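User: I would like to go through the terms used for this structure and see what each of them rests on.

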Amino acid sequence: MKRTFRILIADDDQLARWATRAKLSEHSHLTIDEVDSAEDALTMVNGKQYDLVLLDIGFPGMGGVEALTQLMSSHPGLKVIMITAEESDDITLGCLAQGAFDYLRKPVDLDTIEAAV
């Protein structure tokens with residue numbers, strides 16, 4: 001029997017969330033939740049146990065980098081893949097230094113997301 005993995009998609013772009021969820025839902029062993037803010041991502045992770053969070057960097061309000069810092073502090077073993085439209089390598093390298101598992105640059109090909117997951 002395959003183990004079920006719980007994934008949280010945190011992105012303020014509704015179309016990106018929908019497309020990612022649709023692609024990953026092809027795998028029956030994945031349970032997927034989604035939120036549209038960094039604050040909601042923190043709430044969800046504190047309330048449920050996730051194996052992976054796909055976390056956008058660019059949110060209004062609290063940004064993804066700040067959310068990553070809080071996630072790594074409270075859940076040090078959590079796998080987080082940052083998704084960014086930023087071209088700055090400094091931001092990307094900073095996220096990796098803070099504990100992000102990987103990062104993907106927007107626009108992200110759905111097959112690339114699937115492979116990363």
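**Terms and their grounds**

User: What makes β3 largely enclosed by the rest of the structure?

Analyst: In β3, 5 of the 5 residues are buried, so the strand is largely enclosed by the rest of the structure. Buried means under 20% relative accessible area, with exposed over 50% and partly exposed in between, for a 1.4 Å probe and protein chains only. Leu52, Leu54 and Asp56 point one way from β3, Val53 and Leu55 point the other way, and all are buried. In a regular strand, side chains alternate between the two faces of the sheet. The model is predicted: local features need pLDDT of at least 70 and side-chain atom pairs count only at pLDDT 80 or more, while totals for chains, interfaces and linings use all residues. Residues are numbered from 1 along each chain as its sequence is written, and side-chain values use heavy atoms, with hydrogens and water left out.

User: Why is Thr92 called buried?

Analyst: Thr92 has a relative accessible area of 4%, and the limit for buried is under 20%, so Thr92 is called buried. Thr92 belongs to helix α4 (residues 89-98), where helices are DSSP runs of H or I with at least four residues and strands are runs of E with at least two, numbered from the N terminus. Leaving aside neighbours within four places in sequence, Thr92 is in contact (heavy atoms within 4.5 Å) with Thr84, Tyr103 and Arg105.

User: How do you know that β3 pairs with β4?

Analyst: Two strands pair if DSSP finds at least two bridges between them, and 5 bridges join β3 to β4 (residues 79-84), the two running parallel. Val53 has Val80 as its bridge partner in β4. On its other listed pairing, β3 is joined to β1 by 4 bridges, again in parallel, with Ile7 opposite Leu52.

User: What makes the unit of β3, α3 and β4 right-handed?

Analyst: A crossover is right-handed if, with the strands pointing away from the viewer, the path from the first strand over the helix to the second runs clockwise. The β-α-β unit made by β3, helix α3 (residues 64-74) and β4 is right-handed.

User: How do you know that Arg6 lies over the face of Tyr50?

Analyst: A charge sits over a ring if NZ of Lys or CZ of Arg is within 6 Å of the ring centre and within 35 degrees of the ring normal. Arg6 lies over the face of Tyr50 at 5.8 Å from the ring centre.
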